[in-house]
Amino acid sequence: MSKYTFPKTFFWGTASSGPQTEGRFDGDGKGDSIWDYWYAKEPERFFNQVGPDKASYNYKLFKEDVQLMKATGHNSFRTSIQWSRLIPNGVGEVNPEAVTFYNNYIDELITNGIEPFINLYHFDMPMFLQEKGGWLNRETVDAYVTFAKTCFELFGDRVKYWFTHNEPIVPVEGGYLYDFHYPNEKNFKHAVQVGFNETLASALAIKAYHETQDGKIGIILNLTPSYPRDENNPEDVKAAQIADVFFNRSFLDPAIYGTFPKELIAIVKELDIVPKHTKTDLEIIKKNTIDLLGINYYQPRRIKVKENHAEANPQNPMPEDYFDNYDMPGKKMNPYRGWEIYEKGIYDIMINVRDNYGNIPCYISENGMGVEGEERYVNANGQIEDDYRIEFIKDHLRYLHQAIQEGANCLGYHMWTCMDNWSWTNAYKNRYGLIAVDLDKKGKRTIKKSGYFFKTLADKNGFED
Ligand code: BG6
């Protein structure tokens, strides 16, 4: 029998976000985000045409939710403050209803012994700012910093773990390269500018935080280890390194070292798409780096040297002009999400952070498995028996444990997610929660088998098998 015990004070919990859980209700004063706008405009882009309007009713049910977090072993929990809820136009008036809501939610967590981790930006640009260009516009950076400072002033006395962004590469990919977020552009130049402005905004928020507050501030990145098709083929290896630069190091290097990878700088110069910036911007990014790294891990990236040149269009360059994705035979898949499951990836990320990023304090901020049609696993007592999710957790934790044994500075493990929630254009197709949400019964909650497993896991600070 093997025993996996995690460090004392390990963070056990889950992550979620405001736009995916809260919902919108009469009198709440929330303004439109890009998601409210896009859903109203093109509901057919969303699975079963379900939008973000009710989400998981967390705005109404947060007290019950905190009790369920306790019942499932949470000692910590992440959500995000919706910018368009706190400041409905993105700039200007603060919404008093939002202040009351977030104060009550944060207090409820703390009273119940759950450390709140708060993220500032989770893909949810206020529509008023998007109309003026969103992250393409330098004024959005200033508006974001004001939003961040407002959050620190209002909630910083109780919240001691802050994050500037969740997965900042995703708005770049979704909104400006691959058409899965509004504004649905395919424009590499814009993509690069958006990424740069997000990085600058993050550094400025970190600066403001360190000047006035005494907790920790970091960023949450979805790291996708980039594996070459053939480790012995230098061309495959080089292609995998370029993919790593685009999708991981583009945010990881500035977050930790305050600089951009030289390979990325060379490519944007070659393509003549260097983002608009000043010398002062670069100094700000250099000086204001993170205290703590959140790592979301779902899937690796398999890469081979560019073989298919036919699709490259010099008028419209794309990252894929520099590599091909490799469809590795025999890989283990989550068929519902279409993502490969590769448990050892979590270990490889940890060792990379240990060896190449100064072993900065980090934690797994998301890991999870979205499954469609979980109703078929309901037992006679109405509980979803999601043994596949329990196996998924254990399979990843064994590798995480090994990395910690080998010196990785990992402070915790958060699952995606607590309650089943609204997954952007996938809406409620794939369920990720430790707790089921019945949308036909106004969000009625039922703890899944994995929720009880997680409680035992957290109580014992590990597991045996
Ligand atoms: C992460 C995000 O990418 O993965 C979440 O931080 C998201 O917002 C989660 O919901 C699962 O991905 P998806 O696309 O299936 O919702």
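Mentor: Contact here means heavy atoms within 4.5 Å. This is a predicted model, where local features need pLDDT of at least 70 and side-chain atom pairs count only at pLDDT 80 or more, while totals for chains, interfaces and linings use all residues. Residues are numbered from 1 along each chain as its sequence is written, and side-chain values use heavy atoms, with hydrogens and water left out.

Trainee: Which strands does helix 14 lie across?

Mentor: Strand 2 (11-15), strand 13 (362-366) and strand 15 (410-416); helix 14 runs at about 165° to strand 15. Helices (H or I, at least four residues) and strands (E, at least two) are DSSP runs, numbered from the N terminus. Angles run from 0 to 180 degrees between N-to-C directions, with axes fitted to C-alpha atoms, for helices over the stretch in contact.

Trainee: What about helix 13 and helix 14, at what angle do they cross?

Mentor: Roughly 25°, with the axes of helix 13 (residues 344-356) and helix 14 (residues 387-405) coming within 7 Å. The two helices are therefore roughly parallel to each other (under 35 degrees; over 145 is roughly antiparallel, 65 to 115 roughly perpendicular, the rest oblique).

Trainee: Which residues make the contact?

Mentor: Helix 13 supplies Lys344, Ile346, Tyr347, Met350 and Ile351, and helix 14 supplies His396, Tyr399, Leu400, Gln402 and Ala403.

Trainee: Switching to the strands: in what order do they close into a barrel?

Mentor: Eight strands close in the order 2-3-4-5-6-8-13-15, with parallel pairing; two strands pair if DSSP finds at least two bridges between them. Neighbouring strands are turned by 25° against each other on average, direction ignored.

Trainee: And how many bridges join strand 6 and strand 8?

Mentor: Five, in the parallel sense, between residues 216-222 and residues 292-296.
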